[in-house]
2 protein chains.
Amino acid sequence: MNKRLLLISNSTNAGEPYLGWCGEMIKDFAEKHNVTDVLFVPYAGVSMGYDAYEQRVAAVFDTLGLKIHSLHRADNPVEAVKQAQCVAVGGGNTFHLVYELWRLGEMKLIRERAEEGMPYMGWSAGSNVACPSLKTTNDMPIIEPERFDCMNLVKFQINPHYTDFFDPKHGGETRQDRINEFLKVNQDINVVGLREATALSLEEGKLRLIGRNNPLVLFKYNQEPKHYGLDSDLNFLL
Amino acid sequence: MNKRLLLISNSTNAGEPYLGWCGEMIKDFAEKHNVTDVLFVPYAGVSMGYDAYEQRVAAVFDTLGLKIHSLHRADNPVEAVKQAQCVAVGGGNTFHLVYELWRLGEMKLIRERAEEGMPYMGWSAGSNVACPSLKTTNDMPIIEPERFDCMNLVKFQINPHYTDFFDPKHGGETRQDRINEFLKVNQDINVVGLREATALSLEEGKLRLIGRNNPLVLFKYNQEPKHYGLDSDLNFLL
């Protein structure tokens, strides 16, 4: 079965409303697959708490004609995943998200549904967990998950919020330095630096960059990074 | 026995030579404890490799009148740690450092020696591993360590390279956002944001900020961050 994935870099562009820039693509994704109800996974939402997170997302999804139900309030979480029309995994802290998904036994369950063709969307941490592991997150490791492995719905790693900006007064590593360290230790896995205001769409076996005109950066071990824009054929990554 | 710790935020200030800003404090630390030979731990050095890392550090330590021997070349690493006059743990990727220290059985061994009073110095990742865990590193989790626990030589967490800079065009989390997420999940552990060009010194039971005049930022759960300068009494953190 073809997977249906919408992997969004970020919820919020600086100075824009929450989920504002990507509302239309979420709506299109849902409509294409006749999704009216979305099962929301709030476990990355450390700072605000799950209830507030659900409300925040529900307020936006409502304007898109979508209902959401948060997994943290499901009477039977296993059944909720099994019955879901679509799963949406929100951003926040990736370590906390992965910790909870393993602890609650939902990592494999969601993966199985997505492998079977259930539409899966995520933003930021929610896009990272669609990858083989969390190893390219930017987040602080505030909690120790049972393991780093994730859903492996794509075989490359996404670095969400990718930026090549750096503060010239600061001596710490740049994002590219960090990704190069990843590649040194994981030489056979490619990394997609997904800039803000973009997303990866996988539909009918076709992988594309969508959103605003901010090319992704593809990092491979021992190669110069390459840039791919909105019209690029990305199927070689699959 | 009193611990002797020199926990340095960063090796390199932007535009300055490697270990340049902190050479004098390393020299002072060594002289105070009659250290002439330093056992160097290179395991955070992913990008350049251990041999090159050793050479890079040796070139600087030589100008300070210090010899170094790298743990990765020791015939008997356990014995090397047991006999060391002083251990210096270099910066780089904290996850890789912690992975190697646990894998090679050296985390507890170095901890024991430092608890007994052996002078311990570290910079960046090397300061982070003196803390209870790696949970406040800025580094990318490029490899999965056996556990996040570290040496617990101080009971607070250091965030090295602390900065309150952020890119106003970027929607990702600020450093303070990330530390606040840590505090939400680890409410009884304090975080010291250690700015570049500063270090923590623990000598004769006295904890001080040393280096340039860049106050540290102390983060506690549910409290406003507080700033402490070079003359502050920090013993309340012990």
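Predicted model: local features only at pLDDT ≥ 70, side-chain atom pairs only at ≥ 80, totals over all residues.
Residues are numbered from 1 along each chain as its sequence is written, chains are lettered from A and ligands numbered from 1 in the order in which they are written, and side-chain values use heavy atoms, without hydrogens and water.

**Exercise 1.** Describe the lining of the second largest cavity.

*Solution.* A cavity is a set of points on a 1 Å grid over the protein atoms alone where a 1.4 Å probe fits but cannot get out, and lining residues have an atom within 4 Å of a point.
1. Among the lining residues are G92(A), T94(A), S124(A), D139(A), H161(A) and, from chain B, E173(B).
2. In chain A, α6 (125–128) and β6 (157–162) each supply at least two lining residues; helices (H or I, at least four residues) and strands (E, at least two) are DSSP runs, numbered from the N terminus.
3. The lining divides into 2 nonpolar, 7 polar and 2 charged residues, where Ala, Val, Leu, Ile, Met, Phe, Trp, Tyr, Cys and Pro count as nonpolar, Asp, Glu, Lys and Arg as charged, and the others, Gly among them, as polar.

**Exercise 2.** Describe the largest cavity and its lining.

*Solution.* 
1. The count comes to 2 cavities of 30 Å³ or more, and the largest holds about 50 Å³ of space.
2. Its lining includes E173(A) and R178(A), together with T94(B), N128(B), D139(B) and H161(B).
3. By class, this lining has 1 nonpolar, 6 polar and 3 charged residues.

**Exercise 3.** Characterise the interface between chain B and chain A.

*Solution.* 
1. In contact (heavy atoms within 4.5 Å) are 45 residues of chain B and 45 residues of chain A.
2. The buried area, meaning the accessible area (1.4 Å probe) that two parts lose on being put together, summed over both, is about 3600 Å², with 57% from carbon and sulfur atoms.
3. The rule finds 2 salt bridges across the interface, each a side-chain nitrogen of Lys or Arg within 4 Å of a carboxyl oxygen of Asp or Glu.
4. R178(A) and D139(B) form a salt bridge at 3.2 Å, N to O; both residues also line the largest cavity.

Methods: 1 Å grid on protein atoms, 1.4 Å probe; cavity = no way out; pocket = protein on both sides within 12 Å on 5 of 7 lines; lining within 4 Å. Points joined across faces, edges and corners; volume = space filled by probe spheres on them.
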